[in-house]
Amino acid sequence: MSAIGQSLSIAHCPLSIGPMCLIGLIGLIMVFISCVREPELHLYRSMKAVLEFPEVDLDLKVLWDYEIEYGVKYDWEAEWHYGWDEKDYLDHQGPIGYTKPEVFLLRRYYTGEIPFANHTVAPPNDPPIAGNHFQGEYEWGFWDILVWNNTVSPDGIVSLHFDEATSLDSVTAFTNPSMVPSRYHAPQFTRAFYEPEALFSAYDQAMEINRDLEGFDFDAERNVWVKQLNMTLRPITYIYLIELILHNNKGRIAQEIGTGQISGFARSTNVNTGKGGSEAVSVPFDVRMKRDIPLLGYHPDDPKVPDATTEYADVLGGRVMTFGICDIAANKITHSSQVRDPFRHYMDMDVQFNNGMDSTLVFDITDQVKRLYKGGVIKVELDMDTVPIPTRPGGSGFNAVVKDYEDGGTWVIEM
């Protein structure tokens with residue numbers, strides 16, 4: 001009887017069965033019948049089962065569902081003027097939001113008969129999962145389950161790295177430093193760090209697999225026991241849409257130089273908890289300039305239709321992925337008042353003026369980032385009638401001290 005690790009044998013019973021032998025035979029038959037399940041479990045100490053986890057919701061309206069101030073719901077599309085055209089799609093290798101992950105990695109930590117225990121044994125090296133279900137073999141007892149998406153890139157270059165060796169109780173995701181010099185509020189590092197790819201994770205502790213198969217359903221078509229995991233895959237990297245609106249530019253800023261940075265964001269994240277690391281870094285992103293963009297929202301009947309009152313402006317914009325604010329788990333926060341952020345955040349862009357002089361414009365965006373702790377639109381508006389044109393090039397030099405704008409270089413613009 002494979003279900004209980006025994007076999008039925010009557011080799012020692014004589015052909016003429018006596019009362020005692022008959023009782024023993026009946027007992028064995030009763031044990032055999034009472035232990036049979038459909039389907040058989042095949043092993044005494046373990047079983048094969050399928051775990052399923054739900055689909056990922058990628059709608060930015062759902063992900064950016066927080067209320068910012070005074071209970072007003074956040075409408076990112078009303079804030080976003082830069083748009084997302086075909087060139088943006090090609091440059092960023094995808095849509096403005098998250099793309100659906102297709103392959104996942106799963107780590108199964110066995111804690112024996114003790115729920116919520118520390119992990120003392122490395123998880124089995126399970127293959128990547130295509131789809132939303134995984135079939136494996138499980139010991140009876142308690143398991144902690146960690147799932148995250150396998151990151152891929154169309155060009156084959158992936159910035160995300162994972163540390164599973166330092167601690168068995170958690171996995172850390174991080175990126176490496178780039179060749180771009182760091183500017184603001186990355187005190188431990190001289191270079192900015194590559195932005196991560198989109199990363200989703202879910203973590204469930206103390207999942208019990210008991211001999212009564214509580215919580216499992218039998219799938220007759222696949223001939224397996226199935227358990228739906230009580231977990232939701234959520235993003236633990238956060239999208240910021242950056243736009244600098246140039247009112248009355250009139251060609252003064254002639255073009256972008258193509259680079260920008262945002263600073264004060266976490267260098268890493270805990271894949272289990274989604275909590276950002278404590279080290280602050282700068283993250284570079286690509287910048288593009290679009291001319292004569294309608295600043296919609298003034299038409300009395302339809303705010304999406306330009307009319308005679310609509311202003312047109314040049315807009316510098318970009319999209320950047322980050323690990324979020326240091327030392328917080330953004331998905332577990334319900335209001336911006338709960339954000340405790342020790343760092344200030346700056347956004348800068350390299351631009352060239354119409355006289356050939358180049359400069360770096362720098363803006364303090366700390367308040368916006370703290371309100372938009374799960375990502376969102378960072379919008380800065382600049383009236384170019386108030387900005388003198390520099391008389392000498394700033395080059396790539398960095399100067400954190402605010403000076404007269406005519407000196408060129410790097411400038412912090414008061415908001």
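Predicted model: local features only at pLDDT ≥ 70, side-chain atom pairs only at ≥ 80, totals over all residues.
# The protein has 415 residues, and 47% of them are buried.

**The protein as a whole**

- The protein exposes about 21,100 Å². Carbon and sulfur atoms supply 52% of that area.
- Take the contacts between residues at least 6 apart in sequence: 74% of them join residues at least 24 apart.
- A search of the whole structure finds 15 salt bridges. A search for aromatic pairs finds 10.

- Most residues other than glycine have a negative phi.
- Alanine 206 has a positive phi, near 60°. Its relative accessibility is 17%, so alanine 206 counts as buried, the cut-off being under 20%.
- Aspartate 327 is not a glycine either, and its phi is positive at about 65°.
- Aspartate 327 sits in the loop between strand E19 (311-322) and strand E20 (346-353). Its relative accessibility is 36%, so aspartate 327 counts as partly exposed.

**A salt-bridge network**

- Asp85, Asp88, Arg288 and Lys290 are linked in a network of salt bridges.
- Aspartate 85 pairs with arginine 288 in a salt bridge, with the closest N and O atoms 2.8 Å apart. Aspartate 85 is in the loop between helix H3 (76-79) and helix H4 (86-91), while arginine 288 is in strand E18 (residues 288-295), so this pair ties together parts 203 residues apart in sequence.
- Aspartate 85 also forms a salt bridge with lysine 290, where the closest N and O atoms are 3.6 Å apart. This pair links distant parts of the chain: lysine 290 is in strand E18, and aspartate 85 in the loop between H3 and H4, 205 residues away.
- Aspartate 88 and arginine 288 meet through their side chains in a salt bridge, at 3.1 Å from N to O. Aspartate 88 belongs to helix H4 and arginine 288 to strand E18, so the pair joins parts 200 residues apart in sequence.
- How accessible are the members of this network? Aspartate 85 counts as partly exposed, at 30% relative accessibility. Lysine 290 counts as buried, at 9%. Aspartate 88 counts as buried too, at 2%.

**Aromatic pairs and charges over rings**

- Among the 10 aromatic pairs is that of tyrosine 138 and tryptophan 143. Their ring centres are 5.1 Å apart and their planes stand at 80°, so the pair is edge-to-face.
- Tyrosine 138 is buried, with a relative accessible area of 0%. Tryptophan 143 is buried as well, at 5%.
- Phenylalanine 189 and phenylalanine 193 also form an edge-to-face pair. The distance is 4.9 Å centre to centre, with 80° between the planes. Both phenylalanine 189 and phenylalanine 193 are buried.
- Trp64, Tyr74 and Trp76 form one aromatic cluster.
- Arginine 108 has its charged end over the ring of tyrosine 138, 4.6 Å from the ring centre.
- Lysine 227 lies over the face of phenylalanine 216. Here the distance to the ring centre is 5.7 Å.

- Asparagine 149 lies in strand E5, which runs over residues 141-149.
- Is asparagine 149 buried or exposed? Its relative accessible area is 4%, under the 20% cut-off, so asparagine 149 is buried.
- A polar atom of the asparagine 149 side chain lies 2.5 Å from the backbone nitrogen of phenylalanine 200.
- Leaving aside neighbours within four places in sequence, asparagine 149 is in contact with Pro101, Val103, Phe104, Ala198, Leu199 and Phe200.

Technical notes. Residues numbered from 1 in each chain as written. Heavy atoms only, no water. Helix = DSSP H or I, 4+ residues; strand = E, 2+ residues; numbered from the N terminus. Buried < 20%, exposed > 50% of the residue type's maximum accessible area, 1.4 Å probe, protein only. Polar contact = N/O pair within 3.5 Å; in protein donor to acceptor, adjacent residues only side chain to side chain. Contact = heavy atoms within 4.5 Å. Phe/Tyr/Trp six-rings, centres within 6.5 Å; stacked < 30°, edge-to-face > 60°. Lys NZ or Arg CZ within 6 Å of the ring centre and 35° of its normal. Areas by Shrake-Rupley, 256 points an atom, 1.4 Å probe, with all protein chains shown as cover. Salt bridge = Lys/Arg side-chain N within 4 Å of Asp/Glu carboxyl O.
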